[in-house]
Amino acid sequence: MSGATTASTSAGAPSEPAPAAPGERSWPLWEVFVRGKRGLSHVHVGSLHAPDAELALRNARDVYTRRQEGVSIWVVKADDVTASSPSEKDSFFDPAGDKIYRHPTFYDVPEDVEYL
Amino acid sequence: MYGNDVIDPNEPLNAAETDAYDAATAHEDQRDAVGDDFEALIAADQRIEPRDAMPDTYRETLIRQIAQHAHSEIIGMQPEGNWITRAPSLRRKAILIAKVQDEAGHGLYLYSAAETLGIDRQELLDRLHDGKQKYSSIFNYPTLTWADCGAIGWLVDGAAIMNQVPLCRCSYGPYARAMIRVCKEESFHQRQGFEILWNLMRGTESQRAMAQDAADRWWWPALAMFGPPDTGEAAKGGHTAQSMAWGIKRFSNDDLRQKFVDMMVPQAEKLGIVLPDPDLRWNPERGHYDFGEVDWDEFWRVLRGDGACNAERIAHRRRAHEEGAWVREAANAYAAKQATREQQQQQKESAA
Amino acid sequence: MSDHVTSAAPSASESAERESLPGAAENTGAAPGAKPYATYLLGLADDAMVYAQRLGEWMTNAPQIEEDMALGNIALDLLGQARGLYPYIGSIDGTGRGEDDYAMLRDERRWHNVHLVEQERGDFADEMARLLWFSAYQVELHTALTASADDVVAGVAGKALKEVRYHLDHASLWVVRLGDGTEESHRRMQAALEHVLPHLAELFDHDEASVLAADLEVGVLPSTLHDAVVARVARVVEQATLTLPDGSRWRSRGGRAGIHSRPMGSLLAEMQHIARSHPGATW
């Protein structure tokens, strides 16, 4: 989703000394989704950096729910999100435009029929 | 017990509590009608989203602006952060920790918005540490007394909100959404600053003197936060025109400065603080307060690096970052080991 | 030992001094309505207060901005625990003192916290070693205190328990990552476990106040928490590929009786100097 680097690509070199700040390998980027209250879907609220999923979840709690904004959090590695492209927008979404019979308002029913 | 019941919680104290905020956060998606063309979307006041086509200069300008904004939040933790251990009451200590924590959070919201433009936070931080990107020059002034925490909240956060509310309807979606969140939270920052000064002004003589001294020192730097004059003759140069056209700047520096002065003068009167400007007076013809000229020589001098705290702020930030390098590296190493272990476990399971 | 700074209520302050003078008969319950276990609660509150003060120093100094926020949250939780107890202590020790009287106007000899929480913060590994031990201790402590005969204490403990479980979780995650991370982080984390060692025994020491509070079923005997706390820490240390050091040539003593180590004086000087420079002021 963005220019994040992946953390796990240079596995197996744990004993290397920590490099100086420039050129340091970033923690990967995670997208954060918060369920505001029970009954609502999780909604994307932003992103953060964390070395792994466990810490990502905890960082998300501290960064995005300091004011009780949520009852549940998802974190997803940004690299694992596959997104549709704006250039595909026409072929993805426009074909649904003329299928108006999918909407209840398409149908004429007598006004005195209840529970429709 | 602190006398803050006199501050009416329903009375707007900053721009995030006025209709301007509601107007800025309201947004109607008309993309179906407008189409996907960048210029058309901008012209129709629609949002640009991360994967939309956009001119390189728009992207670069946004990265610079959002990064500078994020850096300001992170560097802005320091002037007040160094008062956490000295806050004069436990209530004040709790509020201050929560506030400085919010500033870290705001920095993160903004870095997150910048990253949607395809740049890594680490790279932005490197640019900050190397002095290649700037942060708000206001944080190069020192916090000399406890009252400075009040003055920063009241004046600096007040000015920041005035700048930020229009950005809640900036053309770039992730930036606008980050700003909505930031403005809502900053409103508490400004209120707590006002309350600090309110209590000081109703306290002992030395407390009142402390509050007045802080206001004397922070008033002009706060006015300078809106940037150099950009109306009339001055409007011909600088980024303002292009940024206005792109919808990443909504009002001129001078307009925002005037709005800020108009909002602050009555609040200063309520506090009992005298603003340090002999030219400050109501102009009935304009329907605004007239005020004196910011010392722009000082502004440029501090911006170029010759302020009381420029070196200190960056050195502090660099030191914290460098001291933490081994921790961040350890977490990466652990994550890599865990990934390898999980892989091996899966191989074992599938072999069995 | 008298305070140099004027207090808003000199008579209350004097009786407070008598009440908490180390070594004196502290729990005579002289004042009307006074309950004898105030000193015990003061120990709990002071632990939380002093540790919150230390953790507050991390803001702008943490290894990553996300961690500034995490440590800020933990500091706020602990500060909240102290603030929950101080006014109640003021109501049961007969002095009527408020939270700032305790935090801002007490001299070093009248603080009852253990040495562990007053030590200088060290590096991130030192902080995580300290947080691991202290939060493991607090989890066991507050679990026990939820059954306190004093409803206020039980209530504070119930709220604190949720918080300190999160603190323990946070410390555990980091100790594991540092222990099982790079060579350098392993070395630093192991060293941190050694640094913290001399200050642990004190958490489990009995003193007059804790024995009395336990007798009244308000408090818990510190020694009874020992094994469960060590077991919690040991699990994390093992997972972190570290070794739990045993035995220290010396150990800290006396925090509960107001005998503190050198860093405590500087901590209080910093924390109290503005409040003390403006006697009688409100903020």
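This is a predicted model: local features need pLDDT of at least 70, side-chain atom pairs count only at pLDDT 80 or more; totals for chains, interfaces and linings use all residues.
On conventions, local features need pLDDT of at least 70, side-chain atom pairs count only at pLDDT 80 or more, and totals for chains, interfaces and linings use all residues. Residues are numbered from 1 along each chain as its sequence is written, chains are lettered from A and ligands numbered from 1 in the order written, and side-chain values use heavy atoms, without hydrogens or water.

I start between chains. Helix H6 of chain B, residues 90-115, packs on helix H3 of chain C, residues 65-92, at about 160°, with the axes 9 Å apart. Helices here are DSSP runs of H or I of at least four residues, strands are E runs of at least two, and both are numbered from the N terminus. Axes are lines fitted to C-alpha atoms, for helices over the stretch in contact, and angles run from 0 to 180 degrees between N-to-C directions. H6(B) and H3(C) are therefore roughly antiparallel, a label for angles over 145 degrees.

Within chain B, H10, residues 205-224, and H12, residues 253-271, have axes that come within 10 Å and cross at roughly 145°.

Now the backbone. Gln68(A) is not a glycine, yet has a positive phi of about 55°. Gln68(A) sits in the loop between helix H1 (53-64) and strand S3 (72-77) of chain A, and is exposed at 75% relative accessible area. Asp45(B), also not a glycine, has a positive phi of about 60°. Its loop runs between helix H3 (38-43) and helix H4 (56-75) of chain B, and at 32% Asp45(B) is partly exposed. Exposed means over 50% relative accessible area, buried under 20%, and partly exposed in between, with a 1.4 Å probe and protein chains only.

Notes. Angles under 35 degrees count as roughly parallel, over 145 as roughly antiparallel, 65 to 115 as roughly perpendicular and the rest as oblique.
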